[in-house]
Amino acid sequence: MPKEMEVPMTAIEGGNAAYFDAVVVGAGPAGSAAALVLARGGAKVALLERGTEPGSKNLYGGVIYPAILAQLIPDYLESVPIERRITRRITMLVDDGRATWLAHDNPSWGDPAAPNAFTAYRPAFDSWLAGLAVAAGATLLPSTTATRLVRDAYGHVAAVATDREGPPLRTRMVIAADGANSFLARQAGLMKGAGAEGYTLGVKRVLGLGAEEIERRFNVASPGEGVDIEILGCTGEVPGGGFLYTNSETVAVGLVLSLTGLAATKSRPEELLERLQRHPSIEPLLHGAEPLEYGAHLIPEAGFSHWPRLGSKGLLVAGDAAFACLAAGLWLEGVNYAIASGAEAGRAALAEFDSHGAADAAAVYASAMEASFVGINHRRLRHAPRLVMSRATQVGLPRFANHLASEIFSVRDPEPKPGLARAAYAAAHRSGVSPLGAGAAVLRALRTFG
Ligand SMILES: Cc1cc2nc3c(=O)[nH]c(=O)nc-3n(C[C@H](O)[C@H](O)[C@H](O)COP(=O)(O)OP(=O)(O)OC[C@H]3O[C@@H](n4cnc5c(N)ncnc54)[C@H](O)[C@@H]3O)c2cc1C
């Protein structure tokens with residue numbers, strides 16, 4: 001008998017077992033979005049969170065892209081806890097002591113009525129979103145860990161056991177929004193054998209600097225505006241990347257590191273992060289800042305190739321648990337993808353309830369995910385994670401960019417200036433990239449990013 005069948009149905013049919021139309025496991029962005037949609041649709045929904053409050057167990061870089069939030073909650077800007085609106089996006093290619101910056105300033109992103117992206121603290125953001133679900137009628141159960149799915153005699157998920165006293169919570173639908181490495185999706189056998197190669201480890205330090213110092217060092221025009229820096233070439237022999245984001249009074253600096261790369265090179269994440277902080281282009285931005293927090297968390301980085309089966313009878317999987325996070329080099333977007341998939345899961349559950357079972361939530365949800373930007377972007381960018389983690393991108397590209405910039409901008413009078421083609425050829429040669437290899441990499445990038 002499979003483990004999840006061990007609790008006899010009599011135990012969950014007992015008179016004192018609480019019943020909910022839906023039990024959502026995890027009050028991260030995916031779970032709270034699902035609970036919000038379900039509660040608005042009139043369902044009796046429980047939102048389980050193992051932390052003492054939503055967000056207390058969560059760690060991320062810091063930037064939220066709110067377009068999908070605005071669709072779900074049109075007046076979200078009236079109450080959402082924002083740190084800074086991002087008005088400058090920088091991609092930094094680093095190589096030993098050098099750095100080549102590609103910066104994009106966009107004052108329209110600073111529009112308080114329509115920010116493109118903002119930084120936020122997860123405890124504040126997650127508690128806010130869960131609070132909206134509660135205001136819509138959901139029951140939040142904090143400090144409650146789901147420990148097991150319970151199936152009925154037909155093999156359908158019919159209850160969730162928790163670490164609380166008492167019988168499992170009976171339900172028609174469990175939404176597993178329990179984050180990366182979802183225990184529930186694994187237990188239900190929905191995962192595609194996602195091993196370590198499907199994940200990266202994110203590590204982050206929060207450093208106190210003060211608002212004025214942030215605005216001075218990061219040269220932002222107005223208070224409330226901030227900067228997002230993505231960094232390539234800063235992780236040594238371990239494939240990955242770095243980030244630096246500005247909050248109101250603090251900055252977040254971190255790395256995303258291949259798990260298999262960490263194991264193979266026996267590298268220590270905190271040492272790699274130290275090295276990034278000491279880079280001559282980063283150190284002046286952080287100098288003297290007060291270390292406040294350090295944390296680490298898994299990221300389901302592999303994308304579409306690792307999507308699990310998104311549901312079965314009585315169970316849907318959303319957010320990081322469903323590998324919905326988009327980690328595609330140019331973009332690291334998890335929260336908006338989690339919100340979108342959670343909301344779709346909530347809608348799919350309602351479709352099954354409202355049709356008295358004629359519609360199958362798992363099928364409705366799978367189609368909705370395929371048709372939404374979540375599925376479309378993941379399918380389109382399915383080769384991106386591998387390309388981004390390849391040696392050509394990790395080592396060749398930053399070296400090439402820095403050699404090329406150095407070739408072009410170093411003045412060597414009385415030597416004549418090199419032609420651009422010759423400079424590019426010399427930079428490729430010094431980066432260890434053959435012209436054939438460079439051509440193949442460009443073609444691969446074009447095919448991957450379209
Ligand atoms: C270092 C790092 C940097 C990142 N940077 C960004 C960024 O800047 N922008 C961005 O959009 N995304 C970023 N991401 C990705 C983003 O954090 C995730 O994609 C997003 O949090 C997924 O939301 P979720 O609701 O699916 O899962 P989570 O946010 O992980 O929430 C899952 C919730 O479930 C709870 N839970 C787990 N198991 C149980 C259980 N058994 N019972 C009860 N509760 C349970 C957890 O406590 C948690 O609250 C980053 C991630 C990392 C690690």
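**Helix packing and buried residues**

Helix α14 (residues 391–409) and helix α15 (residues 420–430) pack with their axes 8 Å apart and at an angle of about 140 degrees. The model is a predicted one, in which local features need pLDDT of at least 70, side-chain atom pairs count only at pLDDT 80 or more, and totals for chains, interfaces and linings use all residues. Residues are numbered from 1 along each chain as its sequence is written.

Q: Why are α14 and α15 called oblique to each other?
A: Angles under 35 degrees count as roughly parallel, over 145 as roughly antiparallel, 65 to 115 as roughly perpendicular and the rest as oblique. The angle of about 140 degrees therefore makes α14 and α15 oblique.

Q: What makes up the contact of α14 with α15?
A: With contact meaning C-beta atoms, placed from the backbone, within 7 Å, Phe400, His403, Leu404, Glu407 and Ile408 in α14 meet Ala423, Ala424, Ala426, Ala427, Ala428 and Arg430 in α15.

Q: Why does Leu310 count as buried?
A: A residue is buried if 20 or more other C-beta atoms lie within 10 Å of its own, exposed if 12 or fewer, and partly exposed in between. Leu310 has 28 C-beta neighbours inside 10 Å, and therefore counts as buried. Leu310 lies in the loop between β15 (290–300) and β16 (311–312).

Q: What puts the buried residues of α11 on the same side?
A: In α11 (residues 361–371), Ala361, Ala362, Val364, Tyr365, Ala368 and Met369 are buried. They cover an arc of only 160 degrees around the axis (the arc of the directions from the axis to the C-beta atoms), so they lie on the same side of α11.

Methods:
Helices (H or I, at least four residues) and strands (E, at least two) are DSSP runs, numbered from the N terminus. Axes are lines fitted to C-alpha atoms, for helices over the stretch in contact, and angles run from 0 to 180 degrees between N-to-C directions. Two residues are in contact if their C-beta atoms, placed from the backbone, lie within 7 Å.
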